[in-house]
Amino acid sequence: MRKNFLPPALALLGGGVGFGLRKWQLTAGFEPDTGLAIPGAPAALAAVGFSLAMALLFLLLSRKEEKRLSWEAAFAAGRQNTLAVTALVLAAMLLLASAGAEIIIPPASSLAAYQGETPFARAAAAALPPLRILLCAGALPCVFLWARAIFRGEGGAESLPALEPCLIYCVWLISAYQFRAADPVVQDYLYEVLAIVTSLLGVYFVAGHSFNNGKPRLALLFCLTGVYFSLMTLADRHSLADIFRNLFAVLYLSTHAALILNHPPVENPSAPAEAETEADENA
């Protein structure tokens with residue numbers, strides 16, 4: 001079995017560098033009086049350029065993976081892997097902590113959203129926070145069942161628990177849009193939205209292996225980019241609940257990226273047929 005942990009390590013290290021560049025941008029890339037982004041600020045250009053370079057690197061690294069893999073093949077490295085299952089359970093605990101933090105300290109986005117002008121906006125604002133709390137709390141048993149299946153190698157045929165994190169990120173994305181839609185300064189929330197979107201795609205393509213739609217290239221690509229942007233956006237001002245959710249993405253996605261990268265070699269199904277053809281010809 002391969003021991004390929006370089007791409008997840010690069011995502012973690014790159015996320016740390018991105019965090020520093022974002023901090024630099026927040027201190028030197030905005031006008032202190034108006035809060036508007038400074039056009040052509042070196043900090044902003046460095047953050048964008050480095051992020052594009054990391055995304056391109058992840059794309060190149062993911063192209064080495066197979067186009068299709070079954071659930072059993074993609075996560076075979078997790079069988080009897082105590083470290084992997086522990087990381088996944090800890091990730092679920094971070095979502096549970098996110099639910100608790102949102103109950104104790106409601107995010108500013110939740111409070112601001114209640115000021116929507118239309119009844120529908122107010123109703124949506126009232127429904128989203130409890131839904132986020134419910135989904136984050138419900139992630140604990142769902143991720144536990146998913147991790148247990150990986151640990152035992154039982155197969156994850158149509159595993160509904162694997163889709164639960166996707167729902168969390170869908171609701172989170174809607175909440176972020178509702179809060180940020182009126183903000184004209186895109187640089188204020190660009191990396192937050194990228195973190196949510198790439199992490200959503202990461203958990204989606206990870207779960208796809210359970211529904212006979214395993215695409216390890218895309219899963220690896222978005223797992224790595226999700227880790228990178230989730231670390232980078234931690235430099236922004238976030239509620240405690242959002243911080244826990246971003247840390248969940250870092251742990252959950254990096255673990256799955258490592259498992260996919262270390263799957264056993266896949267035999268070429270055409271090899272036996274070619275061997276038989278050559279044998280027949282020699283006969």
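**Reading aromatic pairs and packed helices**

Me: I have this predicted model open. How is a pair of aromatic rings described?

Reply: A pair of aromatic rings is described by how far apart the centres are and by the angle of the planes. In this predicted model there are twelve aromatic pairs. Take Tyr-169 and Trp-172: their centres are 5.5 Å apart and their planes make 45 degrees, a tilted pair.

Me: Where do Tyr-169 and Trp-172 lie?

Reply: Both belong to helix H7 (residues 164-180), and three residues, about one turn of the helix, separate them.

Me: Are Tyr-169 and Trp-172 buried or exposed?

Reply: Buried means under 20% relative accessible area. Tyr-169 has 2%, so Tyr-169 is buried. Trp-172 has 4%, so Trp-172 is buried.

Me: Which charged end sits over the ring of Trp-172?

Reply: That of Arg-245, 4.9 Å from the ring centre.

Me: Now helices, please. How are two packed helices described?

Reply: By two things: the angle between their axes and the distance between the axes. Here, look at helix H2 (residues 42-62) and helix H9 (residues 216-232), whose axes come within 8 Å and cross at roughly 155 degrees. Angles over 145 degrees count as roughly antiparallel, so H2 is roughly antiparallel to H9. The crossing of H2 past H9 is right-handed.

Me: Which residues meet where H2 and H9 touch?

Reply: From H2, they include Phe-50, Met-54 and Phe-58; from H9, Leu-224, Tyr-228 and Phe-229 are among them.

Note on methods
Residues numbered from 1 in each chain as written. Predicted model: local features only at pLDDT ≥ 70, side-chain atom pairs only at ≥ 80, totals over all residues. Heavy atoms only, no water. Phe/Tyr/Trp six-rings, centres within 6.5 Å; stacked < 30°, edge-to-face > 60°. Helix = DSSP H or I, 4+ residues; strand = E, 2+ residues; numbered from the N terminus. Buried < 20%, exposed > 50% of the residue type's maximum accessible area, 1.4 Å probe, protein only. Lys NZ or Arg CZ within 6 Å of the ring centre and 35° of its normal. Axes fitted to C-alpha atoms, helices over the stretch in contact; angles between N-to-C directions. Parallel < 35°, antiparallel > 145°, perpendicular 65-115°, else oblique. Left-handed = near helix turned anticlockwise from the far one by under 90°. Contact = heavy atoms within 4.5 Å.
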